[in-house]
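The following note concerns the ligand site and the pocket around it. Please read the points against the structure shown below.

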Amino acid sequence: MKITIIGAGNMGLAMANGLKSAGFEVVLAGRFSGRLEALRGEFNIEIIDKNYDINDKNIILAIKPNALEWFKNIANGKANSIISVLARTSLEQIQAINAINHAICLPNIAAKDRASINPYMASGDIEMIEQILNGFGKAVKFDSKATFDAASIISGCAPAYLALVADAINSAAVRSGLNLSDAQAMTSGLFNSFATLIENRHPALIRDSICSPAGTTIEGVCKLEEAGVRTAFIEAIKASLIKQRG
Ligand SMILES: NC(=O)c1ccc[n+]([C@@H]2O[C@H](COP(=O)([O-])OP(=O)(O)OC[C@H]3O[C@@H](n4cnc5c(N)ncnc54)[C@H](OP(=O)(O)O)[C@@H]3O)[C@@H](O)[C@H]2O)c1
């Protein structure tokens, strides 16, 4: 399937790489820029000038939210699918663009490795939308704006929260005597191990299966609880959600 991604920034390029490695034919499109030109050769490139023919295309919008009006003004025809990954953008705003299928999705830049978690809302051919979203990660459907917004904080913002956790573990490992390179290798290995553990297990069960009575792990877990780590994450997600809802 051919996918046209409008916007070749961090998110657009991550999805382009993921979709390409999944076997999709990818076109990167946008206004003229050195960044887009530099990708010629790696991808098919389309420079958008005034009018842009969207007829029968499967389009992913990866421009800045404030550029949505620009795209609406230059889009001509009727697309097959329009999928927006723009933050703070509703399905109704996207449905104003002429297309058979519409979706909003909030992925993350792990799309590059086809590992993004992709919450979405859609109208039209859901199977077609899922086929595209599964090309750069895992699609998860939501039916209300409230639940979609909550899920989008986990996919879009929480990777930055976990980056803080990883950075703290790196520093702690260095404090314990590891050199930075070994600390980073251990932390990245830890996150890989944890991804496998969390796949089919409740987090409380993981904790309980590691903490032995009067053991070393429960000492650390108690320190984290004393520091309010659980409340800190709950408050962080709440703060991001309030900001997202404007
Ligand atoms: N980064 C993430 O982790 C993430 C996660 C989920 C969703 N998103 C969403 O993805 C979208 C892109 O984010 P990003 O991080 O990839 O940003 P970015 O790296 O700054 O890229 C923005 C893209 O939008 C284009 N653009 C900006 N203003 C424009 C305008 N007025 N007219 C036409 N094109 C314009 C830029 O073109 P030029 O190169 O010509 O400036 C560039 O291709 C945003 O809507 C964001 O909410 C991002």
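1. A residue is taken as near a molecule if one of its heavy atoms lies within 4 Å of that molecule. Around the ligand there are 20 residues, and Ala-8, Asn-10, Met-11, Arg-31 and Ile-63 come nearest. The model is a predicted one, in which local features need pLDDT of at least 70, side-chain atom pairs count only at pLDDT 80 or more, and totals for chains, interfaces and linings use all residues. Residues are numbered from 1 along each chain as its sequence is written, and side-chain values use heavy atoms, with hydrogens and water left out.

2. The shell around the ligand comprises 13 nonpolar, 4 polar and 3 charged residues. Here Ala, Val, Leu, Ile, Met, Phe, Trp, Tyr, Cys and Pro count as nonpolar, Asp, Glu, Lys and Arg as charged, and the others, Gly among them, as polar.

3. A backbone N or O atom of Ala-8 lies 3.0 Å from a ligand oxygen, and a polar backbone atom of Ala-87 is 3.0 Å from a ligand oxygen. From Arg-35, a polar side-chain atom lies 3.3 Å from an oxygen atom of the ligand.

4. The lining of the second largest pocket (lining residues have an atom within 4 Å of a point on a 1 Å grid) has 33 residues, with Gly-9, Met-11, Ala-62, Ile-63 and Lys-64 nearest the pocket centre. Helix 6 contributes the most to this lining, with 4 residues. By class, the lining divides into 17 nonpolar, 11 polar and 5 charged residues.

Technical notes: A polar contact is a pair of N or O atoms within 3.5 Å; within protein, one must be able to donate a hydrogen and the other to accept it, and residues adjacent in sequence count only if both atoms are side-chain atoms. On a 1 Å grid over the protein atoms alone, a cavity is a set of points where a 1.4 Å probe fits but cannot get out, and a pocket is an open set with protein on both sides within 12 Å along at least five of seven lines; lining residues have an atom within 4 Å of a point. Helices (H or I, at least four residues) and strands (E, at least two) are DSSP runs, numbered from the N terminus.
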